[in-house]
Amino acid sequence: MKTSITSKRAAGWATLALAVPLLAACAGDYYQVSDVDSGKSYYTRDVDRDDGHVQFTDKATGDKVSLDKFEIREVTRQQYQNAVGK
C-alpha cells in the first residue's frame, strides 16, 4: 500500500514539474524599456541583452530598437495593452 501512495505522489510531482513551466510560458512578460538619454519609453514582450546593449521590437510602432543606455521595467498586461493600443 505504501508503494501506491509513493507512486501517486511521484506522478503528482512530475505533473506539477511539467505544468509550471508551461503556465509560466503562457503568462508571458511585458516590459517597458526606457531610453535614459531621451526619456522615451518603448513597450515589448521580448528583450535581447548583449554586452550592455539591448535590442527589441517596439510593439506600438513595430520599429526595431537598439539602446546603449536603458532601463527595463516589468509592467502589467493592462499597462502594456494601454501603451500599445491593443
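Modeller: Start at Arg-49: its bridge partner in β4 is Val-54. Keep in mind that this is a predicted model.

Biologist: How many bridges do β3 and β4 pair over, and in which sense?

Modeller: Three bridges, antiparallel, with β4 covering residues 53–57.

Biologist: What is the order of strands in that sheet?

Modeller: The order is β3-β4-β5, an open sheet of three strands with antiparallel pairing. β3 (48–50) and β5 (64–67) are at the edges with a single partner strand each, so one side of each has no neighbour in the sheet. On average, neighbouring strands here are turned by 15° against each other, ignoring direction.

Biologist: Switching topic. How many aromatic pairs are there in the whole structure?

Modeller: Two aromatic pairs turn up in a search of the whole structure. One of them is Tyr-30 with Tyr-80: ring centres 4.8 Å apart and planes at 50°, so the pair counts as tilted.

Biologist: Where do those two tyrosines sit?

Modeller: Tyr-30 is in strand β1 and Tyr-80 in helix α2 (residues 77–84), so to speak distant parts of the chain, 50 residues apart. Both Tyr-30 and Tyr-80 are buried.

Biologist: And Ser-34, buried or exposed?

Modeller: Ser-34 has 16% relative accessibility, and the cut-off for buried is under 20%, so Ser-34 counts as buried. Ser-34 lies in strand β1, residues 30–35.

Biologist: Which side chain does Ser-34 make a polar contact with?

Modeller: The side chain of Ser-41, at 3.3 Å. Beyond neighbours within four places in sequence, Ser-34 has contacts including Leu-67, Phe-70 and Glu-71.

Terms used. Residues are numbered from 1 along each chain as its sequence is written. This is a predicted model: local features need pLDDT of at least 70, side-chain atom pairs count only at pLDDT 80 or more; totals for chains, interfaces and linings use all residues. Side-chain values use heavy atoms; hydrogens and water are left out. Helices (H or I, at least four residues) and strands (E, at least two) are DSSP runs, numbered from the N terminus. Buried means under 20% relative accessible area, exposed over 50%, partly exposed in between (1.4 Å probe, protein chains only). A polar contact is a pair of N or O atoms within 3.5 Å; within protein, one must be able to donate a hydrogen and the other to accept it, and residues adjacent in sequence count only if both atoms are side-chain atoms. Contact means heavy atoms within 4.5 Å. Rings of Phe, Tyr and Trp (its six-membered ring) pair if their centres lie within 6.5 Å; planes under 30 degrees apart count as stacked, over 60 as edge-to-face and the rest as tilted. Two strands pair if DSSP finds at least two bridges between them. Axes are lines fitted to C-alpha atoms, for helices over the stretch in contact, and angles run from 0 to 180 degrees between N-to-C directions.
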